[in-house]
Amino acid sequence: MKELKTNSSSFVNFNQKISFLFDGKKIFGFKGDTIASALLRNNINLVGRSFKYHRPRGIYTCGIEEPNALVQIISEYSEPNTRATIKKIYEGMEVESQNRWPSLDNDIGSINSLFSPLFSAGFYYKTFMGPHKSFWKKIYEPIIRRAAGLGKPPKEFRALSSHLHHNVDIVIVGAGLNGLLAAKSLINTNHDILLVDFDNHLGGIINNSAKISSIDNQSPQEWVKSTVEAIEKSKNIKILKNTLVTTYNYINHLIAVEDKHVGSRPSENKVNNILHKIRTDHVILCNGHIERFLSFQNNDLPGIMLASSFEKYICRYGTLPSKEPVIFSNNSNSNSLIYSIINQGYKPKAYIDSRSGENIEPELFDLIRKHDIPLYTNSQIKGVSGGKRIEKILIEDSTGGLSEIHSDFLCVSGGINPDVHLFTQSKGLLDWDEKDLTYKPSKPFQPTITLGSASGQFNLEKVSDEINEKLKIFKNKVLDTQIVLNTKESYQIEKLWEISPHKSSMWSKSFIDLQNDVTTKDIRQAISEGFDRIEHLKRYTTNSMGTDQGKISSINALGIVSDLLDKKVNEVGTTIYRPPYAPLSFAAIAGRNSYEFYDPERKSPIHQWHIDNGAIFEDVGQWKRPWYFPLNSSESMHDAVQRESKNVREFAGVLDGSTLGKIEIKGKDALSFMNLIYTNSFSKMKPGSARYALMLGEDGMVKDDGIISKISEEHFIATTTTGGAATVLGCMEEYAQTEWPNLNVYMNSITEQFATFNISGPKTREIMNKVFPEIDFSNDAFPFMTFQFHNYQDTQIRILRASFTGEMGYEIYIPSKNAAKIWDQLHSFGKDFGLIPYGTETMHLLRAEKGYIIIGQDTDGSITPIDLGLNWTIGKTKQDFLGKRSLTRTDTIRTDRKQLVGITPSNKEDQLTEGQHIILNQTIKTPTPMLGHITSSYQSPTLGHSFGLAVIKDGHSLIGTKAFASTPDQKTIPIEIVKPVFYDEENKRLVS
Amino acid sequence: MLIIECPYCGRRDQSEFSNGGEAHVKRPDGSSEISDREWSEYVFVRSNTKGIFYERWVHSHGCRKWFNCVRDTSTDEILKTYRIDDTRPKLKDFKNLVDTPSGEPELGSGNFTVKK
Amino acid sequence: MREVIRSNEVEIKILPYQQIIIRGNGNSEFNNTLNKLFKLLPPTDNLRIVSNEEMVLSKLSFDQWNLIFIKEIKEEKLQIFIEKLNKISGILATNFSDAQIFFQIKGQNTYPTLNKLTHFDFREKSFKPLSAAQTLLARIDCTFIKFDDSILVSCNRSFGDYLEDRLIDAVNF
Amino acid sequence: MAKNAFNGHKDWPKMWRSPEPREFYDAIIIGGGGHGLGTAYYLAKEHGLKNIAVIEKGWLGGGNTGRNTTIIRSNYLWDDSAHLYEHSLKLWENLSSDLNYNVMFSQRGVMNLAHNEHDIKEIKRRISANNLNGIDSLWLSKEEIQKKVPIMNTDNLRYPVLGASYQPRGGTARHDAIAWGFAMRADEMGVDIIQNCEALQIKTKNGKIEGVETSKGFIRANKVGVVASGHSSVLAETAGIRLPLQSKPLQALVSEPIKPIIDTVVMSSAVHAYVSQSDKGELVIGAGTDSYNSFTQRGGFDIIEETIRAMVELYPVFGKMKMLRQWGGIVDICPDASPIISKSDIEGLFFNCGWGTGGFKATPGSANVFAHTIAKNEPHQINAAFSLERFVSGKLVDEHGAAAVAH
């Protein structure tokens, strides 16, 4: 292992050795190492194969911008595409390289490289089509898809990650030099502040390079320590470490994800991720800059690394990837790397700078001469060569002369970009800076402030001036921070995007997107095909569409394109990044709102009774409703429903109807209001009576139904369908508030206040007499469609004589807390009379026999009351009600609309199937014209055969005729079209 | 996620609200005789303004009150919210921020919004 | 009263409070009626509350007041209140005692814990003590009433078990 | 291909010209997305119009064509929709060879899950209608679903998977490719494709079309077809026409690429989760629509959250997946969730819009019948039902009422 003389600054604990597995091989690193830094210690550089050509790839960076070093973490449910450059190691961690087979060293896929000339931009679109269409589906496509993807799919994993919402005044993104200074200047102001940093050690550039020698006469590290302590002590600033801001949405809504298991195995019973949802008034972006690479022949070989990353490995991780790397740069940002290497007692093998001598800082010259490092100014690297690692570097010097250096390591710097990812997410506008050759934030779209290199201000000595200027609005403490640098540098760069190879062959490659294997050749081709806009180019070549979103390369692409088109870069396009900043864990996004908490289960007040009595439940919206009550495990649903239905018709049954919506309406104008909301007229209705009513949309289509009870001219209670409860109340509120504010009327939902039990069957009256001895249930005292309030023990209940089954029955409305009491009473008194509980399926069957509709089953938003034959619900004399006008449009007055009818199979043993269609011909030849479809169908124990309801074209006039119903197996059965009522047409039983 | 100022409850997260479409659309009184076309205008046709838009919201998970809102649909910036019975603010009270029907700058990703 | 959980500096109880929802226009007739019945003058500012030893009266939007009885009263008495209120044709009073569940939450971690489940801004500057708010908690409708040392959270009865589980989960994770 | 390959891809011809607009065209198509370019293609190919321009404010396929989740199916409930989308699906099946450009139409099948009794009823009704209309559509039991999609969690979730409808001929295609393919071939037939040319105003004179005022000046035309999705209503207003459209943000996202894991398209409207895996290995996931009108191509994070939490519930292995990119588009929605492919009250002015969340699958079909409508001044029988008139008569094609299946 390469140990360093001085690792004072590093955050790696060299006393704590850690072993982990890489491709099955045991590797040693130290506490605090990332996978990448540990591999580099062990001189391992080959970590993966590339996407398209399966070329060997190494560690290119030291951070989240990494395009190459993506690995699979076997020990974490086999998490794919994890960046080796940020993932910390722990004892026993299992890591595998990706996209290679059988092994990293010999990979079959790399055969693709030989065909690489074919794999050019857009090649899919031009190929794989012949000789016959079927070749695509049967041969080509499967091949392409098998080759897809980077990592292998992960293992099943139910994450334990939670959400946390924040409401603050200011969020500072990034706790580097600028972030810490900004926070420091806001200590104990009256702003609530979040200081968020991705790292577990704050300080950013201070930890990552040797640029700064002292801050306010303290060593940089001491300064960070004392500053962080001061911030932590403050009452108004909270620090979030290991937290990456991934998304910057409108109205300063930020999404950040916190890693709670840095450097340890994720635990099964502890929160591993927290998704922070932050709402703030201001955002201060101090998230620094990202270094660019350069395009030259084979610039993807392992052994090539960004200059600042190399320095970061020295300073941050105390490891030296190579003792004598060659350095190639076109700017001053890499000066400090030379200084850092020399600090370690080594020196670069050569320094190659494309800038002409006079542009290079004198301090750098002195340093290089002092340690006589071979210096090439005004020179370029034409290309590198090697197998699984670079071996030779070809240099073209100022005179155009070529020379070759042997080296196994090359550091490159193509300049730096402000990290504008979040800024562009926030919709801020960028400006191209011709001097610094990069896009810089110009016009924020939201209250966003950028500081330091994030704002394109690359001069470290000027940071406190900028902060004092930009944070004035917060009345911050004025800073006078003295920053002394080791390497004098005010950022200076010379244009260089791509170096053409010395000898170009059709196999030679200069990459512009390492992860997606996009070459500069692809860019040229795309342009020659007319894709001259950057967004087009991106899509055609897949440039910067990888998991790194081209963080180190997208600007280079713009540069190359602008040169080719001879346009300014800002005429070619800007870099707009899409959220998230870095791939964001699905588990974190889901948080605790999935799995057992995906959606609440709403329960009736007597839910427990249903469970105890073996009910099988049905999901109706969020409600759990008893579907049927099997006698025992062996009774099928069909048998149970047949039994329950018969029982209700012969004796009695009770249904838990508590989920039905109930709304109390009251006010001076309640009557006129109800007359406007429902089709019916309630004017002539006597207090104490009830009525079945329909509610339409303004389009005239049936939306909901229910029973309206009139307590007085000013006071009503309406029931709604279970699913419609919220919608109906919402609709009433909407019209009361927006259309008829002049009407004095209020409505409250009493759905949850009252349980509802629907008891019906010939024996009902006897049972009710037993349960409520003081109430007279005789026909005269308690006629059909009337209701009464009564005191039951210490609470008030309401009993409504109504029925949905066709049998005489009552609906009992009782406050939820007392519901169980009455339910038990009903059963204890009822069992002698054969009372049973029944579920929704039996209810559906019984009402269908009676021809009562179910909204949403027999209607589908395209059915009017007239279609249903419910004309009697429409108050003829009423001037207005919801949807009235729509009932007289040309299409709604057609007499041949789809209308509700009943159907029975001509051969009684035939089974009708819900959802099947009614057609005229016995034989199906497609496309067959359809009359309509079967909305409900059941096997009736009372009729002894299958029957159904259907909506069919011109149905009302077809009653009495014959037709055919299709069956799931594409056959037909003969049917008869009849009136939609199969049981007690005269309502004798209802009023009995 | 927008922040919406409910005239009754104050600034709240958008998740508490439901959008009610265009505001100040008067429902034709049932007594009046109107053509199928006029009626269909009311039922189906709403302005799809790009720019300053008058719309309705209801604080459905709060006070359940309806109110009106002026929002620039090309930036989603909310310029004003007001009670349902308040008079409609004049268009000229707001600076229309859209310079073209589309508004997007001609360069860069389409996933962009108008200059502000 | 039932203790739900007490851990991580949070203490949650379920309280058997009774409740009446009163709708009206807040005119003098309205105010006098309430004042006469409950010895409380209805708050005029939205989302403010007034209270005494027996009850808390909060104003939730311009035409709705919630009256919570923190001391249990007889069901009959409640009925009488409601009947008296409903005698006024401009008022709708509805018994809501069985319709909702009340959670009382205390402890210094109360708000960080609740913020795992809601975006709501509990900061003093945006949500003062002795005020109320209706919002979303764990994706369902809830009403908050903030006191100096605790917060009262109510949701519809049918969601009770669910919210209880969510709160316990939030305290633990 | 090979020839070009081995001489270093130097000689690829431009895929289309970049002409300046002439002052007159027989037909101008406003909107350079798939539908618009396709319309120009079929106008030139099938109706012999030669003097055609497509004007696009941005870049080809930069709108919803490049922003959707590329799901293609035709298993719609109502006859009118079924016939339209089936017409489109048939065109898809030959498009690559027709255009000699691989649109990578992958018929991997499309599944619509049922999570409750109501879903089952709706889906079985739809399957029956599809079969009688001659559209391949079948019911899959839970077991059959598990066989096709082993990673799906069918039982241990809040709304268990009870079954599904399945259309084997459905699938996905490469969204950019169809725009580029249509553009190339239309250009070859002389269609002027003019990018960076924004339509500002539709000029009419006594009930007849005059032309289009654009950012590149006024262009006269005999016929103008507006295919500008949400902006159609903005343009229609300039001609005094109010379209029943509302523009709302719709979001989508992709995961990091992984090796093949899901071999078909799975849609679940109940839990708002639509997923397929691209040929690159990314999971392509469609999220929901925001409730409010907006032209910002940006939606709320809560919408993404809704989709993802359904995803990890339905596919536990996704717990360790990561969201790579997230973006928004603007969908233009009609009151009945069906499109408008129609003449207008102004002679020579036609509209093709209102595709809501379902436009991509219809691209060739819509373009084909719209071209017919423009050329013949009357609708093709397939799009007759999708007229503007239906909102007056009330004869809607209500696709969200009944078949509440997200498109």
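## Helix pair in chain D

Helix α6 (residues 175-188) of chain D and helix α9 (residues 359-376) of chain D cross at roughly 20°, and their axes come within 11 Å. Axes here are lines fitted to C-alpha atoms, for helices over the stretch in contact, and angles run from 0 to 180 degrees between N-to-C directions. Helices (H or I, at least four residues) and strands (E, at least two) are DSSP runs, numbered from the N terminus. α6(D) and α9(D) are therefore roughly parallel to each other. Angles under 35 degrees count as roughly parallel, over 145 as roughly antiparallel, 65 to 115 as roughly perpendicular and the rest as oblique.

The crossing of α6(D) past α9(D) is left-handed; that is, the near helix is turned anticlockwise from the far one by less than a right angle, whereas clockwise would be right-handed. On the α6(D) side, the contact (heavy atoms within 4.5 Å) is made by D:His175, D:Ile178 and D:Phe182. D:Phe360, D:Thr363 and D:Pro364 make it on the α9(D) side. These contact residues divide into four nonpolar, two polar and no charged. In this scheme Ala, Val, Leu, Ile, Met, Phe, Trp, Tyr, Cys and Pro count as nonpolar, Asp, Glu, Lys and Arg as charged, and the others, Gly among them, as polar.

## Basis of the model

This is a predicted model, in which local features need pLDDT of at least 70 and side-chain atom pairs count only at pLDDT 80 or more, while totals for chains, interfaces and linings use all residues. Residues are numbered from 1 along each chain as its sequence is written, chains are lettered from A and ligands numbered from 1 in the order in which they are written, and side-chain values use heavy atoms, with hydrogens and water left out.

## Helix α5 of chain A and its partners

Two packed helices are described by the angle between their axes and the distance between the axes. Helix α5 (residues 177-185) of chain A packs on helix α7 (residues 220-233) of chain A at about 40°, with the axes 10 Å apart. α5(A) and α7(A) are therefore oblique to each other. Their crossing is left-handed. From α5(A) come A:Leu177, A:Leu180, A:Leu181, A:Ala183 and A:Lys184; they meet A:Trp223, A:Val224, A:Thr227, A:Val228 and A:Ile231 in α7(A). The residues of this contact divide into eight nonpolar, one polar and one charged.

α5(A) also packs on helix α12 (residues 463-470) of chain A, at an angle of about 45° and with axes 10 Å apart. That makes α5(A) oblique to α12(A). Here the crossing is right-handed. A:Leu177, A:Asn178, A:Leu181, A:Ala182 and A:Ser185 of α5(A) touch A:Val463, A:Glu466 and A:Ile467 of α12(A). This contact divides into five nonpolar, two polar and one charged. A:Leu177 and A:Leu181 take part in the contacts with α7(A) and with α12(A).

## Interfaces of chain A

Chain A meets chain D through 114 residues of chain A and 99 residues of chain D. The buried area is about 9,500 Å², with carbon and sulfur atoms giving 56%. Buried area is the accessible area (1.4 Å probe) that two parts lose on being put together, summed over both. Seven salt bridges are found across the interface of chain A and chain D. A salt bridge is a side-chain nitrogen of Lys or Arg within 4 Å of a carboxyl oxygen of Asp or Glu. D:Glu305 and A:Lys277 form a salt bridge at 2.7 Å, N to O.

Between chain B and chain A, 35 residues of chain B contact 39 residues of chain A. These chains bury about 3,300 Å², 52% of it on carbon and sulfur atoms. The count between chain B and chain A is seven salt bridges. A:Glu698 and B:Arg27 pair in a salt bridge at 2.4 Å, N to O.

## Salt bridges overall

Side chains of opposite charge can pair when their charged atoms come close. Over all chains, the search finds 100 salt bridges. A:Glu76 forms a salt bridge with A:Lys87, with the closest N and O atoms 3.0 Å apart. A:Glu76 lies in the loop between β5 (70-73) and β6 (79-83) of chain A and A:Lys87 in the loop between β6 and β7 (94-97) of chain A, so the pair ties together parts eleven residues apart in sequence.

## Backbone exceptions

Most residues other than glycine have a negative phi, and most peptide bonds are trans. A:Pro579 and A:Pro580 are joined by a cis peptide bond, with omega about 0°. A:Pro580 lies in the loop between α16 (569-572) and β31 (584-585) of chain A. The peptide bond from A:Thr926 to A:Pro927 is also cis, with omega near -10°. A:Pro927 sits in the loop between β46 (917-919) and β47 (932-940) of chain A.

C:Glu9 is not a glycine, yet has a positive phi of about 65°. C:Glu9 is in the loop between β1 (2-7) and β2 (10-15) of chain C.
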